[in-house]
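This report describes a protein chain for a reader who is new to structural analysis. Please keep the sequence and the structure in view while reading.

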Amino acid sequence: MAMREQNTRNLKTEKDGIVLLRRKLESFFVPTKEQKIQLYKIAGIDFKRFFNAIDGVISNKEKFEDIKTTSDFNFVEIKTTRSKTVKKLPYGVFFGITKNEEDLFKSLDNYRLCIVHVDMDDYILLDYKQYTSLIASKRTQYQVTFHS
């Protein structure tokens with residue numbers, strides 16, 4: 001299979017995961033760029049370094065304007081799957097996580113990893129302690145780009 005086909009399928013699965021979370025979690029939303037900048041400011045995060053390290057937000061406030069502190073919301077990084085071998089979340093799930101995502105996860109109390117199984121119509125939110133306790137194996141992979 002061509003790499004581009006796999007990327008397209010992964011993006012579709014991620015979009016399906018966002019739709020599932022919006023349907024199941026009223027408080028979940030995907031922030032605009034301006035909202036993300038504001039939330040990063042509240043959390044004291046470097047937007048340029050971590051701009052792509054979250055996919056959404058769970059807020060315990062009715063309106064975005066009411067978010068004032070990090071206790072008002074959780075950052076959410078979504079990992080989606082359609083794996084037939086996964087029978088109960090999060091067990092048996094395989095995914096990639098960037099160094100930036102993991103660095104942010106480790107440093108923030110209000111960061112959650114959300115594993116979404118699109119075909120099971122289910123999700124689970126994990127904090128950093130839960131995440132580290134579930135790791136069976138982990139390896140580093142480098143991404144390389146050659147000069148043009």
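## The main nonpolar core

Which residues have the most contacts inside the largest nonpolar core? They are Ile45, Ile54, Val57, Phe75, Leu104 and Tyr111, and the core as a whole has 23 residues. Helix 2, strand 3, helix 4 and strand 4 are the elements that each give two or more residues to this core. Another core lies apart from it and has 11 residues, including Leu20, Ile58, Val76 and Cys114. The model described here is a predicted one. In soluble globular proteins, nonpolar side chains tend to be buried together.

The surroundings of Ile54 can be listed in detail. When neighbours within four places in sequence are left aside, Ile54 is in contact with Pro31, Lys36, Tyr40, Phe75, Val76, Glu77, Leu104 and Tyr111.

## Overall form of the chain

The chain contains 5 helices and 5 strands. Read from the N terminus, the order of its elements is α-β-α-α-β-β-α-β-β-α.

For 148 residues, a compact globule would have a radius of gyration near 15 Å; the value for the chain is 16 Å, which agrees. Along the principal axes, the C-alpha atoms fill a box of roughly 45 × 40 × 30 Å. Of the 148 residues, 35% count as buried. The chain exposes about 10200 Å², and carbon and sulfur atoms supply 51% of that area.

Contacts can also be sorted by separation along the sequence. Among the contacts in the chain with a separation of 6 or more, 61% come from residues 24 or more positions apart.

## Aromatic pairs

A pair of aromatic rings is described by the distance of the centres and the angle of the planes. The structure holds 9 aromatic pairs. One of them joins Tyr40 and Phe47, with 5.4 Å from centre to centre and 65 degrees between the planes. This pair counts as edge-to-face because the angle between its planes is over 60 degrees. Tyr40 is buried, with a relative accessible area of 0%, whereas Phe47 is partly exposed at 22%.

Phe73 and Phe75 also form an edge-to-face pair, with centres 4.9 Å apart and planes at 85 degrees. Phe73 has a relative accessible area of 3% and is buried; Phe75 is likewise buried, at 0%. Ring pairs link Tyr40, Phe47, Phe51, Phe73 and Phe75 into a cluster. Phe75 is also one of the residues with the most contacts inside the largest nonpolar core.

## The hairpin of strands 4 and 5

Strand 4 (residues 111-117) and strand 5 (residues 122-126) run antiparallel and are joined by 5 bridges. In one of the pairings, His117 has Asp122 of strand 5 as its bridge partner. The hairpin has 4 residues between the strands.

Asp121 lies in the loop between strand 4 and strand 5. Although Asp121 is not a glycine, its phi is positive, at about 55 degrees. Most residues other than glycine have a negative phi, and most peptide bonds are trans. Is Asp121 buried, partly exposed or exposed? With a relative accessible area of 29%, Asp121 is partly exposed, because the value lies between the limits of 20% for buried and 50% for exposed.

Thr81 is found in strand 3. Its relative accessible area is 12%, so Thr81 counts as buried. Not counting residues up to four places away in sequence, Thr81 touches Thr13, Val116, His117, Val118 and Asp119. His117 is the residue whose bridge partner is Asp122.

Pro90 is located in the loop between strand 3 (73-81) and helix 4 (99-107). The peptide bond that joins Leu89 and Pro90 is cis, with omega at about 0 degrees.

## The loop between helix 2 and helix 3

Where is Gly44 placed? Gly44 lies in the loop between helix 2 (33-43) and helix 3 (47-50). With a relative accessibility of 66%, Gly44 counts as exposed. Gly44 and Thr70 are 26 residues apart in sequence, and their C-alpha atoms are 9.6 Å apart in space.

Terms used
Residues numbered from 1 in each chain as written. Predicted model: local features only at pLDDT ≥ 70, side-chain atom pairs only at ≥ 80, totals over all residues. Heavy atoms only, no water. Pairing = 2+ DSSP bridges. Buried < 20%, exposed > 50% of the residue type's maximum accessible area, 1.4 Å probe, protein only. Phe/Tyr/Trp six-rings, centres within 6.5 Å; stacked < 30°, edge-to-face > 60°. Core = buried A, V, L, I, M, F, W, Y, C linked by side-chain atoms within 4.5 Å. Contact = heavy atoms within 4.5 Å. Rg over C-alpha atoms; globule rule 2.2 N^0.38 Å. Areas by Shrake-Rupley, 256 points an atom, 1.4 Å probe, with all protein chains shown as cover.
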